[in-house]
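Subject: A structure for you to look at

Hi there,

Here is the structure I promised to pass on to you. Have a look at it first, and then read my notes below.

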Amino acid sequence: MRKKLSELAIGETGLIVGVEGEGRIRRRLFDMGVTPGASILVRKKAPLGDPVEITIRGYELTLRKEEAALVVVELDGGND
Amino acid sequence: MKNFALAGNPNSGKTTLFNSLTGATAHVGNWPGVTVDKREGQYKKLEEVVNIVDLPGIYSLSPYTPEEVISRNYILDEKPDCVINIVDATNLERNLYLTTQLLEIDVPVVVALNMSDVMRKSGDKINVSELSKKLGVPVVEISALKEENLDLLMTEAYEASKVKRVGKTIIENKDLSHLIKDVVIAFKGKGVENPLFHAIKLVEKDEIETSNHPDLIGMVEEFKNTFEDDTFGNDFEALIADTRYKYISKNYSTAISKNPANLDSNHQKVTKSDKIDKVLTHRIWAIPIFIVIMFIIFHVTFSEDILFMHRIFGLNITNPTAINFFTGMGYEGMLEEAGGIAADVALEGVPSIGVFLQSWFGWATGSLIDLVGGAMPEGTWYTSLICDGILTGLDAVLSFIPQILILFLFIAILEDSGYMARVAFILDRAFRKFGLSGKAFIPMLSGFGCSVPAIMATRTLENEKEKNRTIRLMTCFSCGAKAPIWALLGAIGTWAGMDGGLFVFSIYVGGIAVAIVLALFMKLFSKDTYVSPFIMELPSYHLPQFRNVMAHLWEKLKHYLTKAATIIAACTIVIWFLSNFSWAFWNGMVEDIGDSILADLGRGLRYFYYPLGCFENGWTNGPDSWKYTSSIITGLIAKEDVVATMEQLGLTVETIALNGAAAYSFAVYNLFTLPCFAAIGAAHGEQKGKEFWLTLLFWFAMSYGISLVVYFVGELYVVALWAGILVTIVLIGLVVAAGIIVSRRHKKAEITVQA
């Protein structure tokens, strides 16, 4: 199942299949390792529900919901 | 002398490595035109002394952040003899992403594989010779913290610097590599240096390259039309980034063999850092914990009543020796204030370490002034210049040092431990509504203590615009030195049922309210609707390094002392001259400050401040008005001087004849206006050229404007209460309406920009 990263619940994992957006935000995502094919885990959300914290390429990355909405993820498992 | 550049990701141990290599030789400046730290130092253990330049921490060589542009320009233009690329071994994949870009430049590169000790401890193994072979450059395992293998690293770098190196790329995608080769040939034809690096950036459609070489874009565009990748279409920027990461996982990550014990069922390491994070960024507890930490920091730095021992337990210290100990020999002063009655002298509670040190520091500098004054002939102009002018002025500035250092000690610990990144994570959502990032919270809160360390703390804000806004809002947070003004005005305020406590409270809360409204308007009126992205690494927690924290404190101190010795000292001398001489200054110093140039300036300025009620009853422009305007001028040395000058000119609780409107107008003006020279100096250190002058203008316009409104509305209250209330409601309505209109327009603009 495909979802936006911003829609994932805490603990869900998946594989990035696409990164939308343009310009520097998109480039910044790429530079931080958010590229198609990378696997991610949603670790945590901030007390106000935004930003979110993910594990990617072995480290912790935080990004806002609006930036996470640019990342398309193929969920692992498929049961959920 | 050879130049080695130190490049690497933030949090890769770069600062620690730099400090270890350069020891005490490091000095800090700014890169020309921007306020990103430029640090240089010498390494002396090789056969010749080598200069080491610490480039800003970066993840990539993209053209989007000042740090990246600086690093890229430095390597391309200044041509260091070698680039030492520090790589965090525990986070190899993302760190090597930058390495693949550095390797494309025609410069010798040596990779310093840091934290190899941590790696080994966890049982993971890394095959250094394999990695070195694959990268094609020397790799040295080091521990920057334990100073392991640093000499070997430098020897390797020194050897590498003797040999020319030609850039190499890992981009293997067949079609793309053809294109890159063609562009490289074109660049070579133009005689451009580092053709490979430029070629790849041009293929990525990098902003800087496309504007520098518009003639070659055609080649890329032409190829683009014939190219179609399954995933990326013809988006080369995405394709190249992806190629780099794919190549890294396929070729380099194999150099690591993970200890199977480190992987749980989810293939995620559960580390100590994770456990700490579970508590500190907990959905419910994160904010309370943060508030408690902040409270402790400010309490320890600024409180005059530690643990509220006076407020809660009624602790009073009356023993003169104890008072002298806690207040830096302050007993005599308190005795004087109490009119010489020893029974009335009591220290209300025990001061915090910050206040304690500040008192003793003040005592030391005060004694020094007395000592110097005693040794010099009495009554001469030069004794006065040195004692009343330079030393007293510097005393006001230097007295902040203990509190600055303590506050920065805490900030450095928070930053170095990794907690600061979490603070931004926790608060970002709330602060973003006001166009500020979560990180702006700490400088703003520090502003209630002292604007100087607060403005210096804005250095942690990455975005220049957010930093400028935060600095400009700083005067809204009433600093400790302004408190005497509120105390004095509060003591006289018996107008319209206002009591002192309520008055002071209204000043603090009013300042915060103005800050919120202004932050909103600054955000809405800002021309570019672009919000800086918040895509940030959350580094693992680790114990702060004593050495890093000390180096950080020393840098701040040096920076502050430099300002104190230059711009601030010059300004205090000017004020000294103005308050001690008449226009006929060749006749020597004046006896009465009322005859001084300062007094005349005060008299002249009152016409300028006339619309603000000139701080006297009605628009009568009475005989005392120049005294208020004079004290505004001396307030530039230190805000404590406002009250000091007023007293010197005979304005005391008994003699001040301000009505409510004028008192509020005067208070509000002093709250929002230009801070002291020390704080202005700090702003000058953080802002460059135009932005700094805009800040000064902003402070002035804000204070004048708000004070004007306050006075007019205040007078209405005096004339007719109902009219005052009515106008207040209308004004608040206008602000809200303006906010709504602007934000609508703003949203529209945003949509057009996106479309």
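Let me start with a term: helices (H or I, at least four residues) and strands (E, at least two) are DSSP runs, numbered from the N terminus. With that in hand, you can find Arg744(B) in helix α33 of chain B, which covers residues 721–754.

Two notes on the ground rules. This is a predicted model, in which local features need pLDDT of at least 70, side-chain atom pairs count only at pLDDT 80 or more, and totals for chains, interfaces and linings use all residues. Residues are numbered from 1 along each chain as its sequence is written, chains are lettered from A and ligands numbered from 1 in the order in which they are written, and side-chain values use heavy atoms, with hydrogens and water left out.

**Chain A**

Chain A has two helices and six strands. Reading from the N terminus, their order is β-β-α-β-β-β-α-β.

How does the radius of gyration of chain A agree with that of a compact globule? The radius is taken over C-alpha atoms, and the globule rule is 2.2 Å times the number of residues to the power 0.38. For 80 residues a compact globule would come out near 12 Å, and chain A has 11 Å, which agrees. Along the principal axes, the C-alpha atoms of chain A fill a box of roughly 35 × 30 × 20 Å.

Next comes burial. Buried means under 20% relative accessible area, exposed means over 50%, and partly exposed is in between (1.4 Å probe, protein chains only). In chain A, 61% of the 80 residues are buried. The chain exposes about 2900 Å², with carbon and sulfur atoms supplying 46% of it; such areas come from the Shrake-Rupley method with a 1.4 Å probe, and for residues only the protein chains shown count as cover.

Contact means heavy atoms within 4.5 Å. Among contacts in chain A between residues at least 6 apart in sequence, 60% join residues at least 24 apart.

For charges, Lys and Arg count as positive and Asp and Glu as negative, while His and the chain ends are not counted. The place of a charge is NZ of Lys, CZ of Arg, CG of Asp or CD of Glu. Chain A has 13 positive and 13 negative charges, and their mean positions are 4 Å apart.

One detail in chain A to look up: which two residues does a cis peptide bond join? They are Asp50(A) and Pro51(A), with omega at about -5°. Pro51(A) sits in the loop between β3 (39–45) and β4 (52–56).

**Chain B as a whole**

Chain B has 33 helices and twelve strands. For its 755 residues, a compact globule would have a radius of gyration near 27 Å; chain B has 30 Å, which agrees. The C-alpha trace of chain B spans about 85 × 60 × 60 Å along its principal axes.

Of the 755 residues, 53% count as buried. Chain B exposes about 33700 Å², and 63% of that is supplied by carbon and sulfur atoms. Among its contacts between residues at least 6 apart in sequence, 71% join residues at least 24 apart. The mean positions of its 63 positive and 78 negative charges are 8 Å apart.

The domain assignment of chain B gives domain 1 (2–161) and domain 2 (174–262); such bounds come from an automatic or database domain assignment. The centres of these two domains, taken over C-alpha atoms, are separated by 23 Å. Across them, 29 residues of domain 1 are in contact with 28 residues of domain 2.

**Some residues of chain B**

- Lys79(B) has a positive phi of about 45° although it is not a glycine. Lys79(B) lies in the loop between α2 (66–78) and β5 (82–88) and is partly exposed, at 45% relative accessible area.
- Asn194(B), also not a glycine, has a positive phi of about 50°. Its loop runs between α7 (174–190) and α8 (195–203). Is Asn194(B) buried or exposed? At 8% relative accessibility, Asn194(B) counts as buried.
- Thr243(B) belongs to helix α11 (residues 236–252) and is buried, at 14% relative accessible area. Leaving out residues up to four places away in sequence, Thr243(B) touches Ile170(B), Ile171(B) and Glu172(B).
- Arg744(B), from the opening note, is exposed, with a relative accessible area of 62%. Arg744(B) and Leu524(B) are 220 residues apart in sequence and 9.4 Å apart in space, C-alpha to C-alpha.

Happy exploring!
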